[in-house]
Each structure stands twice: as C-alpha cells, then as structure tokens.
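Have a look at the sequence and the structure first, then read on.

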Amino acid sequence: MPKIVFKNSNLASFETLVRKVKETFLLGRERIKQEMVQTYWQTGKYIHEHILHHRDRAGYGEKVIPKLSKRVGISERSLQEMMQVYREFPKIPRTCAELEWSHLRKLASITDEKTRKEFAKRVIEGSWTSEKL
C-alpha cells in the first residue's frame with residue numbers, strides 16, 4: 001500500500017488528525033441537528049399558517065395533513081408533530097438551540113406551559129436524553 005503524504009504538515013501528526021476529525025465531525029453533527037430543528041419547525045409553521053388561513057372552511061383543517069402527507073411523502077404523524085412543535089414553540093427560544101428534535105417533540109406534548117418550560121430547563125441542565133425526558 002502506498003504511503004500517504006500530507007501536503008499540509010499540520011495533519012502529519014496522528015493526534016492532530018484525531019483532534020481535527022473530532023472537531024469537524026462533532027461540529028458538523030451539531031449543525032445538522034440545529035438545521036433539522038429549524039427545518040421541521042418551519043414546516044410546522046407553514047402547515048399551521050395554511051390551516052389558519054382557511055379556518056373559515058368547515059372541516060378543511062382535518063383534511064390538510066392526510067392530503068399533504070400523500071403529496072409530499074412525509075408521514076401524517078411527522079407532519080402533525082411538526083405542527084404541534086410550532087404551535088407550542090411559535091418562536092424558537094434560544095434554549096431550543098440546545099435541544100434536539102426528539103426533545104422538542106416530547107416537550108410539545110406537555111400542555112402546561114410552566115411544566116413544559118421546567119422540563120426544558122431540566123433537559124438542558126442535566127443533559128437529558130429524549131428517553132429520560
């Protein structure tokens with residue numbers, strides 16, 4: 001097997017390679033999680049606003065999720081969760097940057113706002129997994 005020659009001498013050390021891969025991978029994974037939250041939240045906002053816009057049409061709201069699910073290939077449950085998260089978190093608080101989508105889904109199911117905020121605080125301070133929540 002031919003020896004790989006690093007053009008950038010900063011990566012010649014194995015320990016440097018380990019550090020760089022960890023930094024890149026962990027930061028990238030964190031950005032992906034944040035982008036996922038933003039994407040799902042925004043999708044929930046679009047659905048909510050569409051239903052709100054047509055609230056004068058009897059029964060329209062109940063038909064939107066099933067119809068949308070078929071057209072875009074996203075499960076009804078996922079679309080419902082996106083809308084529920086948006087409704088419970090109409091503005092993404094700064095703390096949401098520290099929460100994953102799985103946390104937000106579970107927190108959105110807590111109807112009492114004070115209780116929901118307390119659990120969100122516990123998740124962040126205690127580094128709770130969504131399973132622990």
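## A buried glutamate

With a relative accessibility of 18%, Glu81 counts as buried (under 20% relative accessible area; exposed is over 50%, partly exposed in between, using a 1.4 Å probe and protein chains only). Glu81 sits in helix α3, residues 76-88. Leaving aside residues up to four places away in sequence, Glu81 touches Trp101 and Arg105 (contact means heavy atoms within 4.5 Å).

This is a predicted model, where local features need pLDDT of at least 70 and side-chain atom pairs count only at pLDDT 80 or more, while totals for chains, interfaces and linings use all residues. Residues are numbered from 1 along each chain as its sequence is written, and side-chain values use heavy atoms, with hydrogens and water left out.

## Two helices side by side

Now for α4 (residues 101-108) and α5 (residues 113-126): their axes come within 10 Å and cross at roughly 155°. That makes the pair roughly antiparallel (angles over 145 degrees; under 35 is roughly parallel, 65 to 115 roughly perpendicular, and the rest oblique).

On the α4 side, the contact is made by His103, Leu107 and Ala108, and α5 brings Arg116, Phe119, Ala120 and Val123. By type, that contact has five nonpolar residues, one polar and one charged.

## The loop in between

Ser109 lies in the loop between α4 and α5, and Ser109 is partly exposed, at 47% relative accessible area. The side chain of Ser109 reaches the backbone oxygen of Lys106 at 2.6 Å. Along the chain, Ser109 and Gln84 are 25 residues apart, and their C-alpha atoms are separated by 7.8 Å.

Notes: Axes are lines fitted to C-alpha atoms, for helices over the stretch in contact, and angles run from 0 to 180 degrees between N-to-C directions. Helices (H or I, at least four residues) and strands (E, at least two) are DSSP runs, numbered from the N terminus. Ala, Val, Leu, Ile, Met, Phe, Trp, Tyr, Cys and Pro count as nonpolar, Asp, Glu, Lys and Arg as charged, and the others, Gly among them, as polar. A polar contact is a pair of N or O atoms within 3.5 Å; within protein, one must be able to donate a hydrogen and the other to accept it, and residues adjacent in sequence count only if both atoms are side-chain atoms.
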